[in-house]
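Thank you all for coming; I would like to walk slowly through one structure this morning. Please have the sequence and the model open while I talk.

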Amino acid sequence: MYSHPSLGHLWKRVHFSCSPFIQRPTVRRLYQRPALVLRKKLASPYSLLALGCADGTKEALLLKKLPKPAYLLAADTNLSLARRAARRLPGKQKAFQKIDLNSAFQISSCLHVLVHVHEYPHLPRPRLFTLFGVLPNLDPLPLLRRLARKMKRGDFLLFSANLAPGKSGFAGARKVLSQYDNPPTRRWLEMAVEAYRPKLPKGRLQFGVYPDPQQKSLARIEARWMAGKKAWIVFSSRRPTVSQVETWIPKVGLRKVARFLDPRGEEGLWLVRLGKT
């Protein structure tokens, strides 16, 4: 939804005006809290692979509290944002790349791009993978499983999840619906609809909370383009509960090292590594 530069610009406006990350300092501080654990467990030199990094704002907060990585890769579906992230983030050797995180092949290519660019035999380990702000928009279990298969012993994955506060995912998702159903988000999505090929018929946006098609117990906020009796899903954002995220981790062959939660329970970070026990 923001791979085109103009849509990326509008997405940034939505982010700055509506995102709890921007509006609430406690959420921004959340992205620095894992550094205390990582400094104890992450040997140097290490590599950082920032997947789905957008412009690198969240990764920059984390890296302020960590040693500079020997190698850094910024990868995002929007190449101009990945380039901006590579400029912003510290690293002794850096590269940026466009990536489709639905593609196992492209994830594999990310692990080798720095090697090819700088002609080194391998990336320093351990490798720290970051995945911030991605899980709401992609099917979480297949994505986490793809990443787990690329990890080696000693690697870490730090990922975020936008949460449904409380124990009920659907009730929690309805509490945060206003973070999506607002004028800036509507303008962004309406422009995206205009850019669709083939073009959609004239209609209107409608927001609601629905079961995820792949996990019926998982709440998903959707923006649907309504035209007559037909509906097209133009945007979706999954809002799992904390307990749902915790069940995903062992299912994909990973083990929780640490968890960090926003005081309101609307966002969380999980540090994981290989191993089911």
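Let me begin with a definition: buried means under 20% relative accessible area, exposed means over 50%, and partly exposed is in between, with a 1.4 Å probe and protein chains only. What you see is a predicted model, in which local features need pLDDT of at least 70 and side-chain atom pairs count only at pLDDT 80 or more, while totals for chains, interfaces and linings use all residues. Residues are numbered from 1 along each chain as its sequence is written, and side-chain values use heavy atoms, with hydrogens and water left out.

I start with the aromatic rings. Rings of Phe, Tyr and Trp (its six-membered ring) pair if their centres lie within 6.5 Å, and planes under 30 degrees apart count as stacked, over 60 as edge-to-face and the rest as tilted. How many aromatic pairs does a search of the whole structure find? There are five aromatic pairs. One of these joins Tyr180 and Phe235, a tilted pair with 6.1 Å centre to centre and 45° between the planes. Tyr180 lies in the loop between helix 9 (169–175) and helix 10 (183–195), whereas Phe235 lies in strand 8 (residues 230–238), so the pair ties together parts that are 55 residues apart in sequence. When I speak of helices (H or I, at least four residues) and strands (E, at least two), I mean DSSP runs, numbered from the N terminus.

Is Tyr180 buried or exposed? Tyr180 counts as buried, because its relative accessible area is 8%, and Phe235 is buried too, with a relative accessible area of 12%. Phe235 also pairs with Trp188: the ring centres are 5.7 Å apart and the planes stand at 70°, so this pair is edge-to-face. Here again distant parts of the chain are linked, since Trp188 is in helix 10 and Phe235 in strand 8, 47 residues apart. Trp188 has 5% relative accessibility and therefore counts as buried. Elsewhere, ring pairs link Phe21, Tyr31 and Phe132 into a cluster.

Now to the charges. A salt bridge here is a side-chain nitrogen of Lys or Arg within 4 Å of a carboxyl oxygen of Asp or Glu, and the structure holds 13 salt bridges. In one of them Glu266 meets Arg24, with the closest N and O atoms 3.3 Å apart. Glu266 sits in the loop between strand 9 and strand 10, and Arg24 in the loop between helix 2 (20–23) and helix 3 (25–30), so this pair ties together parts that are 242 residues apart in sequence. Both Glu266 and Arg24 are buried.

Another salt bridge brings together the side chains of Arg127 and Asp155, at 2.6 Å from N to O. This pair, too, links distant parts of the chain, with Arg127 in strand 4 (residues 127–131) and Asp155 in the loop between helix 8 (140–150) and strand 5 (156–162), 28 residues apart. Arg127 is buried, as is Asp155.

A further salt bridge joins Arg224 to Glu222, the closest N and O atoms being 2.7 Å apart. Arg224, at 22% relative accessibility, counts as partly exposed, whereas Glu222, at 2% relative accessibility, counts as buried. Salt bridges that share partners join Asp212, Arg220, Glu222, Arg224 and Arg238 into one network.

Pro263 and Thr26 are 237 residues apart in sequence, yet 7.6 Å apart in space, C-alpha to C-alpha.

I close with two details of the backbone. Most residues other than glycine have a negative phi, and most peptide bonds are trans. Which two residues does a cis peptide bond join? The bond is between Ser44 and Pro45, with omega about 0°, and Pro45 is found in the loop between helix 4 and strand 1 (47–51). Ala54, for its part, has a positive phi near 50°; Ala54 is placed in the loop between strand 1 and helix 5, and at 10% relative accessibility Ala54 counts as buried.
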